[in-house]
Every structure is written in C-alpha cells, then in structure tokens.
Amino acid sequence: MQPGFQPDGQIRCTVAVEHLGAAVPSRVLLRDAWVTLGRDEFRELVLQVTNSSGSEAPRNFPLRRDGVRLFTRFVKDGKSSVRVGSGAIQAQLLLSNCPPDQLRRFIQTLRIKFKATLEGSRPVTERTRLLSGLPRTFDTVSPVQPRDLQLGGVRRALTDVAATPTKGQTLRCEPRKRVRAELEEGKQVTEIQPVKKLPWLCSRSALTQEQAMVLNAVLSGKNIFFTGSAGTGKSYLLKKIVASLPPNSTYATASTGVAACQIGGTTLHAFAGIGSGKAPLHQCIELAKRSGVRLQWLNCHHLIIDEISMVDGEFFDKLEEVARTVRKCENPFGGIQLIICGDFLQLPPVSKGTEQPNFCFQAKSWQKCIHLNMELTKVQRQTEKDFISLLDSVRRGRCTDEVTKQLAATATHMVERDGILATRLCTHKEDVELTNVKRLRELSGEPRSFKAVDSDPMLVKTLDAQCPVSSIIELKLGAQVMLTKNLDVSQGLVNGARGVVIGFETEGKGYVSRLC
Ligand SMILES: Nc1ncnc2c1ncn2[C@@H]1O[C@H](COP(=O)(O)OP(=O)(O)OP(=O)(O)O)[C@@H](O)[C@H]1O
C-alpha cells in the first residue's frame, strides 16, 4: 500500500466505543485506531476496531440486518457515528479526526456493502451461528464491484450519498420483509441500469494528473511547495488536500484573509499568534508560548500556507525558529509537515518605499524546510488559448504592443455580479479617490456621512495616518463598498470582500449586501 493511502473499507481515526445496552454504560477511547470493514465466517459484515499500537485485541462489531444506524451530518468535519446491535448488546462507535474524504468513501462503501449483503444473501440465524463450529475469521471487504451496485436498495443508498455527501440523514436499514417485497414486485437485477461510476471515483478523478501527483506527495508526508500560474487549480487542490488530512492536526492558512476564506482556513498571522512578527525573536517566542497559541503550535502536524508569495522571508524564518522552540523539536519547522502553495510571479510581500521585497524562497530556512517543488501547468479556469497566453505574458511581465492593445480594449467593460461591480485597480491612491467620488456622485439619493469615533484621542493622528480609510466616509444607497480589514474570516468578512449598500438603519448604520 502507498504511504498515506487506505483502501475504501478502512480508515484511521479516533474512536470512542460506547456500550449503551449494559446496565452501566461504559466508554473506551482509542485516540489512534484503525476501523476496518470486513466479513466474518458467515460472510456477514463486521466493523473491526484495532488500536493502531496493536496493544489490544481487535474489537468486532457485527453489522446485523436489524440494528445499524449511521449518523453522517458531520462527515465534512471528519466525524461520524455508527450504532450497532440492539438491547443489551447495543454499542455506538464515535469516529472523529478522520480525513473527511476518506471518511466519506468509507461510509459510502459501508452503505453499499451493507445494502448488497442485505439484498444478496439470506440472514444467518443465531441457531446456525451457535451450531456451525466454523473457526472465527475476519476478511477485509473487497473494493466495491459493479455487482454490488446491481440491486435496487444499493442504487438508492448510492443516490442518497451522492446527493447529500456531507449533510446527515440517519440511515436506518430496512427490514428484510420490505426487500423481499421489492424483489417480488419485479425489481430484478436485469431491470436495473448499472451505476457506471461511483461518486468517490468521480471525485478522485476530478483531480488532473499533475494535481493528483501533488496530493500523493502530500499524503506520503513530504514537505512540499507547489506553484502554477493563475487558474491552474492551486486553491482547488488545496481544498482537496485539506479534506485528505486529519482535521484535528491540520491547519489551513493563507497570507491574506481573502485567500484563507477560499480554503476555509485562517490567516497565517492569526495561526502563528506572534503579531506582525516584527518584534525580536525572543518576544515572538514569548507570544507563541501563550497557552492558546502554544496549544495550536503543538497540535499542528500539517501546516498549509496558501498565497505564499505575499509572506515575507524574514517572517517565515521567524516562524521556523518559533516552531522549533515552542515544539521543542530541532527538525525543520519543528517537525511540522509544510504544504505551501502560491505563485511567486503574483503579488510580492509588502515592502516599504523602494525596499526590495524579501520573498519566502529567499528565507534562510526555505531550502531545509522544503523537500519537493512541483508545478501545475494546465490552466483550469479558462480554455481560450489566446486569453491564456495573454495572461501568461502579463504574468511574466512581457507586455508587448499586442498584449497592451488587447488589454486596453477591455478598459471600459462593466463586469457585474449581483449588483456588485468588478473592482477597478488604479496605480495611485489619488486616482482611487477620484473614481470613488465620481461614482458616488453619479448615484441618485441623499449622501450620508459616517464619522470615525476613536476611543483614544491621543491616537487619533496616528490612526488617521495609518488607516486606509479616511475618518469621514460618505455613502448612498447603491454605493459600492469594500472591507479594508479582516472582521471574521470564517464568515467571509475579510479584507477586500466586496458589497453594495442596500439600506440604512434609522440611527445611520448601513446594511450591505455582500459578495466575498
Ligand atoms: N481538477 C479540476 N477539475 C475541475 N475544475 C477545476 C480543477 N482544478 C481547478 N478547477 C477550477 O479552475 C478554477 C481555477 O482554480 P483555482 O482558483 O484553484 O486556481 P488557482 O491556481 O488557485 O488560481 P489563482 O492563482 O488565480 O488563485 C476554479 O474555478 C476551479 O474550480
């Protein structure tokens, strides 16, 4: 088996086993366990839970026809639970910290195999079990085969899963009587169109070959930097990577709030907890040792950083030292697996005046931290060859007359979605100011003024000088607005998020319809 890969009938996660039927319910927690779907000597399905250290005997949970319930609402967070048995032998397996993609495939396999077993074989009675004398066996289930998908219930199970891959309905398996009735009504194998592709096969093959190679390298535990021009699917792939790693120890970050929002993560600065990182190293280390922050550093086994081109090289070096010190581990980056992504030909780190930006690949620790550099070459965002080649020329700074002419021809295009106009970029702040004032004047309706209220009068001057927004702003109904600060990354309220004013409260606060 390739490192990092499990067959679809097996997952590695945290398992809490609760025995619900006993007079005094008990609970056993296995922090790192294998859960394997298999068959016993009667070909009936069994879930086997094994402590990954191998220190204890495996625990088997038979999946009998009348007593299996699956709870799948939180699969996207790597959590699910299975209730098996009934009466005095009822147990519940609470699965957590499982890579969501693997968990989804595992649950789909379980549903399909369960339905196929239910419809394809006769139940084994308790009497047969007791009298059989067969030696106990456990065989891992084979991968899902087309024959598993031939029966009506299986197709229905598959449709359920495909339609609601993450949200949970509870699966209660129907009793045998109903299945028979369906078969008697003529729902025979030959009448049912076979399902050609399994949903998770589709989702796997949705990655291009080069994207799949990057994912494989990540799952093999390597520290990796991957790049590619705009639209080659870097963020798309990062989302797949996040879904393929254990949620509790994976931190998805990006240099900006907008990029963090795209991958459902947080900013690198918020994760690191060392402020701007400009303070001397010993102070940064002290900041990172604060209890909540330290816990994050210790928990983190996989650190994802998107839009690396905007991360300052010195900041990266500081993080590297902080990681080693806080985690008390001398391996590069304190032994955290780094998955870094971005395009160094896009935006550079912020630098002062005429100072040259200090890129991350220029950091002292970059070489020792990164094992593998990979490049995505196939643009996924658009297919028009001329447009792709035009964008590539701009990316490389090769603006020929032809490229300039083509771009200039688009200068007056109005691109709009949900009433929100595309952002116009200007080279100078004065031009931004002029454009904004002009656009506001063009709107009908009364302007409303909003004055900044600063809690500390001593800092008013400094704030006015530093803040990207003036102390008085004028708005009208229909005015285009943009957040200039990360308010709540998880809600999409990030620096750069766009919106349009759709109303005012009586005391003057504005309502904004927004688009991240
Ligand atoms: N394997 C794929 N199959 C289908 N669509 C894909 C695939 N990879 C990427 N895409 C789509 O291509 C578009 C561009 O992808 P994405 O935004 O991830 O690119 P990017 O490299 O991060 O771009 P940028 O550098 O501009 O941020 C998105 O709409 C994404 O959904």
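## Around L238

L238 touches F226, I263, I304, D306, I339 and C341, leaving aside residues up to four places away in sequence (contact means heavy atoms within 4.5 Å). This is a predicted model, where local features need pLDDT of at least 70, side-chain atom pairs count only at pLDDT 80 or more, and totals for chains, interfaces and linings use all residues. Residues are numbered from 1 along each chain as its sequence is written, and side-chain values use heavy atoms, with hydrogens and water left out.

You will find L238 in helix α7 (helices are DSSP runs of H or I with at least four residues, strands are E runs of at least two, numbered from the N terminus). With 0% relative accessibility, L238 counts as buried (under 20% relative accessible area, with exposed over 50% and partly exposed in between, using a 1.4 Å probe and protein chains only).

## The ligand and its shell

Helix α7 (residues 234-243) also gives the largest share of the shell around the ligand, three residues. Of the 16 residues around the ligand, A206, Q211, G231, K234 and Y236 come nearest (a residue is near if one of its heavy atoms lies within 4 Å).

Now for the polar contacts (pairs of N or O atoms within 3.5 Å). An N or O atom in the side chain of Q211 is 2.9 Å from a nitrogen atom of the ligand. The backbone takes part too: a polar backbone atom of T232 is 3.2 Å from a ligand oxygen atom, and a backbone N or O atom of G233 is 3.1 Å from an oxygen atom of the ligand. Taken alone the ligand exposes 640 Å², and the protein buries 72% of that (Shrake-Rupley areas with a 1.4 Å probe).

## Aromatic pairs

The structure holds eleven aromatic pairs (Phe, Tyr or six-membered Trp rings with centres within 6.5 Å; planes under 30 degrees apart are stacked, over 60 edge-to-face, the rest tilted). F225 and F344 form a tilted pair, 5.4 Å centre to centre with 45° between the planes. This pair links distant parts of the chain, 119 residues apart: F225 is in strand β10 (residues 224-228), and F344 is in the loop between β14 (337-341) and α13 (366-369). Both F225 and F344 are buried.

Y251 and F271 form another tilted pair, at 5.2 Å and 50°. Y251 lies in strand β11 (residues 250-254) and F271 in helix α9 (residues 268-272), so the pair ties together parts 20 residues apart in sequence. Y251 counts as buried at 15% relative accessibility, and F271 is buried at 2%.

Definitions and conventions
Polar contact = N/O pair within 3.5 Å; in protein donor to acceptor, adjacent residues only side chain to side chain.
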